[in-house]
Amino acid sequence: MEGIRAGGFQVENPYNGRVSRVPADPGRVAAIVFWSKNYHAFLEGGYAAELLERGYRLFFHFTVNSPHKVLEPGLPDLDERLHQVRKLTELVPPEAVNWRFDPVCWFRNGRGEVQNNLADFVTIAECMARAGVSTCTTSFLDIYPKVRRRAQLEARLEFMGVEQEKRIRVLGRMNQVLKSLGIRLQVCCEKELWEALGLQEGIRPGACVSHERLEAIYGPLALSHRRDRGQRSAAGCGCHESRDVGSYRRQPCGHGCLYCYGNPVRAEGRCGKGGGP
Ligand code: SF4
């Protein structure tokens, strides 16, 4: 909000430290796309209302997974997060809110039991449908060595890889639930999996920043419709060009997710699918 009020953002390149300015004038910003697992401060601070009053078009990715005190210890409870979803869909068109159930993961706990984080998927899907949310994006956990080590050290938990056949079965079951509720399923950076699926059941590769979707919601905008080459196109990322103005260093996240690989409080590196906000 300081950047908005100052008319621009000082953005540091995470790789070489160079700082550049990104203008924030509403006339030069087609839309602002947010990612979060918790919009409490944003909503309570009245920032959404302020941005709308200033003339910005907004789009929200809202990651809501099954609550789990070891995987996502710092988040508010599920009811509070679903309440935030409803508040957002009252502020912007519901199509401007995308639900992420991400990442889907399997793990062995300290007692040797194998579990996953899908327990509340149906409940969350029903609430999303009631709020008018019409898309869900998912992916499966990428088990980076540092994430594997941290899980063992901090929680005596072992993340488990899952074979493709099982992933396809799980996607199929998620898609069945979502279709019955009028929600479209998209996969994020899962090129191999999507190719194996073919066009089965209408599951599509997603794009977190989709110029087509923004224009479908807000009408024609001055957008390039070019792919963002800074993202993981080879892995299936379909994002269009955008400028990232956030910084895990300057605005660290305190949610403490066990599988986070984007936040320097928990890990070095840059946020990608599944591990980011
Ligand atoms: S940035 Fe990391 S710790 Fe923060 S909410 Fe996202 S995954 Fe969790």
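Tutor: Axes are lines fitted to C-alpha atoms, for helices over the stretch in contact, and angles between N-to-C directions run from 0 to 180 degrees. Helices (H or I, at least four residues) and strands (E, at least two) are DSSP runs, numbered from the N terminus. This is a predicted model, in which local features need pLDDT of at least 70, side-chain atom pairs count only at pLDDT 80 or more, and totals for chains, interfaces and linings use all residues. Residues are numbered from 1 along each chain as its sequence is written, and side-chain values use heavy atoms, with hydrogens and water left out.

Student: Is helix 5 roughly parallel or roughly antiparallel to helix 7?

Tutor: Two packed helices are described by the angle between their axes and the distance between the axes. Angles under 35 degrees count as roughly parallel, over 145 as roughly antiparallel, 65 to 115 as roughly perpendicular and the rest as oblique. Helix 5 and helix 7 (residues 164–180) have axes 10 Å apart and pack at an angle of about 30°. That makes the arrangement of helix 5 and helix 7 roughly parallel.

Student: How do the residues of the contact of helix 5 with helix 7 divide?

Tutor: Contact means heavy atoms within 4.5 Å, and here Phe121, Val122 and Ala125 of helix 5 meet Met174, Val177 and Leu178 of helix 7. Ala, Val, Leu, Ile, Met, Phe, Trp, Tyr, Cys and Pro count as nonpolar, Asp, Glu, Lys and Arg as charged, and the others, Gly among them, as polar. The division is 6 nonpolar, no polar and no charged.

Student: Is the crossing of helix 4 and helix 5 left-handed or right-handed?

Tutor: Helix 4 (residues 78–91) and helix 5 (residues 121–131) have axes 9 Å apart and pack at an angle of about 20°. The two are therefore roughly parallel to each other. A crossing is left-handed if the near helix is turned anticlockwise from the far one by less than a right angle, and right-handed if clockwise. For helix 4 and helix 5 the crossing is right-handed.

Student: How do the residues of the contact of helix 4 with helix 5 divide?

Tutor: Helix 4 contributes Leu78, Leu82, Val85, Arg86 and Thr89, and helix 5 contributes Ile124, Cys127, Met128 and Ala131. The division is 7 nonpolar, 1 polar and 1 charged.

Student: Why is the pair of Tyr39 and Phe60 classed as it is?

Tutor: Rings of Phe, Tyr and Trp (its six-membered ring) pair if their centres lie within 6.5 Å; planes under 30 degrees apart count as stacked, over 60 as edge-to-face and the rest as tilted. A search of the whole structure finds 13 aromatic pairs. The ring centres of Tyr39 and Phe60 are 5.4 Å apart and the planes stand at 90°, so the pair is edge-to-face.

Student: How many residues apart are Tyr39 and Phe60?

Tutor: Tyr39 is in the loop between strand 3 (32–36) and helix 2 (40–44), while Phe60 is in strand 4 (residues 58–63). This pair links distant parts of the chain, with a spacing of 21 residues.

Student: Are Tyr39 and Phe62 buried or exposed?

Tutor: The rings of Tyr39 and Phe62 have centres 4.9 Å apart and planes at 65°, so this pair too is edge-to-face. Tyr39 lies in the loop between strand 3 and helix 2 and Phe62 in strand 4, so the pair ties together parts 23 residues apart in sequence. Buried means under 20% relative accessible area, exposed over 50%, partly exposed in between (1.4 Å probe, protein chains only). Tyr39 and Phe62 are both buried.

Student: Which residues form one aromatic cluster?

Tutor: Tyr39 and Phe60 are both buried. The cluster holds Phe34, Tyr39, Phe42, Phe60 and Phe62.

Student: Which residues is Leu51 in contact with, leaving aside its neighbours within four places in sequence?

Tutor: Leu51 lies in helix 3 (residues 47–53). Leu51 is buried, with a relative accessible area of 1%. Its contacts, with those neighbours left aside, are Met1, Ile4, Ile32, Phe34, Phe42, Tyr56 and Leu58.

Student: What is the relative accessibility of Arg156?

Tutor: Arg156 is in the loop between helix 6 (145–155) and strand 9 (158–160). Its phi is near 50°, a positive value in a residue other than glycine. Arg156 counts as exposed, because its relative accessibility is 60%.
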